[in-house]
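Please find below some notes for a first reading of this structure.

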Amino acid sequence: MQDVREWRVSRERLLRLRRDPVIVQTLRSSAAATVAYVIALQLSPEAAPLTAPLTALLVVQVTLYATLTNGVRRVNAVVAGVFVAIAFSLLVGLTWWSLGLLILASLAVGHLVRVDEYVPEVAISAMLVLGVTAVGDYAWARVLETLIGAVVGLACNLLLAPPVWVGEAGASIEDLARRVRQLMLNMGEEAAGRTPFERAAARLHEARRLDHDIVEVDAALRQAEDSLRLNPRVREGLLHRVVLRTGLDTLEICTVVLRVIARTLTDLAKEREPDPLFAPEIGAAVEQLLSEIADAMVSFAVLVTSQVSDDAESAEERLSSDLRHAAATRDKLAQLLLKEVQRDARQWQLHGAVLAEVNRILDEMDTEHRSRRLLEELDRVSSEQRERRPRLTRVQDRVRVGRKRLASVRRSR
């Protein structure tokens with residue numbers, strides 16, 4: 001029994017390693033560079049055609065979309081550099097001042113042809129080509145090697161299909177929600193008792209550090225969005241991208257509001273020290289409210305990252321239930337704060353601020369608000385795509401209509 005359990009653990013570790021971005025990128029890049037060098041040895045006149053494996057190494061990325069875009073830009077950069085070098089070799093040759101002009105012209109041409117991060121590659125190609133005697137042969141050999149590397153890099157991603165990183169992005173979003181939940185639970189527990197100013201300030205610092213976590217989640221989400229573009233294994237790529245992006249935007253807004261709540265509690269601790277932040281009954285209501293909002297935030301993250309319709313429905317029901325409980329506790333807290341302000345008007349602004357920020361979080365996670373935001377974002381992105389690529393949009397519409405007709409014919413049979 002112990003051996004079976006160990007075997008399952010080892011198997012799960014191997015499966016995780018197979019989808020690790022670093023390992024996937026390393027294996028694909030190594031294979032592409034090696035194949036590109038072997039092919040270039042047969043086709044290029046150069047004895048050591050290292051440009052081909054270098055190009056394959058730079059072109060191969062984790063996602064198919066990034067591979068296509070990087071391959072096209074890199075080939076454009078090399079070809080532009082070669083033409084600049086040929087023009088300079090015919091006009092002035094290689095001198096110290098022509099080298100400076102060559103670099104200046106190459107960088108300018110790189111910006112004109114819009115090769116983005118490969119602008120320095122234009123100047124590098126031009127200098128390498130201009131620095132040899134047989135300019136023509138070397139120039140076209142470099143272009144050939146670049147094309148070989150780009151084609152091999154693209155073929156590597158087509159044959160060894162890159163993974164779809166939606167699951168990893170979803171896990172990052174859920175992990176962020178759980179970290180926010182833990183912080184809210186800690187803040188609620190401290191609000192129910194005596195909270196020194198230093199401890200409240202530490203919680204505020206933790207809330208501010210969530211910005212760094214959001215940056216990391218955003219990077220994982222961008223990778224997932226790229227993996228959905230031009231991926232034949234994904235039918236509803238646009239929907240997945242918009243759902244995840246709007247979900248992360250909502251969580252980011254909630255963390256900003258949580259930071260404001262932490263600042264309000266810090267100011268309240270400073271004003272009331274050494275007394276408790278709230279009266280016992282109010283503190284208990286604040287603790288309960290933050291706990292229920294924390295649970296709702298995790299439910300919201302699960303809803304955003306659910307890929308199966310049944311899971312999404314159950315997640316939405318759980319989120320609606322959490323929000324109803326939180327709204328009821330909010331109303332109870334509002335009544336208690338009103339009585340407290342009528343009895344003692346000190347720090348009434350801070351008490352009202354806590355209630356106002358809680359309302360903002362509940363409104364952001366509201367299911368109806370979420371649905372409206374999602375539809376608006378889908379309409380906006382679809383309109384932008386139609387304006388940017390009208391021909392591609394028409395082709396996609398025709399394919400979609402053809403699929404619907406084929407499905408209807410199959411159902412009629």
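1. A patch, as the word is used here, is made of residues with over 30% relative accessible area and no salt bridge, and nonpolar side chains are joined within 5 Å. The model under discussion is predicted. In it, Leu90, Leu91, Val92, Trp96, Trp97, Leu101 and Leu104 make a nonpolar surface patch of about 880 Å². Two or more residues of this patch come from each of the elements α4 (64–91) and α5 (96–112). Helix α5 gives the most, with four residues.

2. Trp96, one of the patch residues, lies in helix α5. Is Trp96 buried or exposed? Its relative accessibility is 74%, so Trp96 counts as exposed, the cut-off being over 50%.

3. Thr367 lies in helix α14, which spans residues 367–388. This residue counts as buried because its relative accessibility is 17%, and buried means under 20%. Which residues is Thr367 in contact with, once neighbours within four places in sequence are left aside? They are Glu316, Leu319, Ser320 and Leu323.

4. On confidence, the chain has a mean pLDDT of 76, and 73% of its residues reach 70 or more. Among the elements of the chain, the highest mean pLDDT, 88, belongs to helix α11 (residues 280–305). The lowest, 54, belongs to helix α1 (residues 2–18). Where pLDDT is low, the predicted coordinates should not be read in detail.

Notes: Residues are numbered from 1 along each chain as its sequence is written. This is a predicted model: local features need pLDDT of at least 70, side-chain atom pairs count only at pLDDT 80 or more; totals for chains, interfaces and linings use all residues. Side-chain values use heavy atoms; hydrogens and water are left out. pLDDT is the predictor's confidence in each residue, from 0 to 100. Buried means under 20% relative accessible area, exposed over 50%, partly exposed in between (1.4 Å probe, protein chains only). Contact means heavy atoms within 4.5 Å. Patches are made of residues with over 30% relative accessible area and no salt bridge: like charges are joined within 9 Å, nonpolar side chains (Val, Leu, Ile, Met, Phe, Trp, Tyr) within 5 Å. Accessible areas come from the Shrake-Rupley method with a 1.4 Å probe; for residues, only the protein chains shown count as cover. A salt bridge is a side-chain nitrogen of Lys or Arg within 4 Å of a carboxyl oxygen of Asp or Glu.
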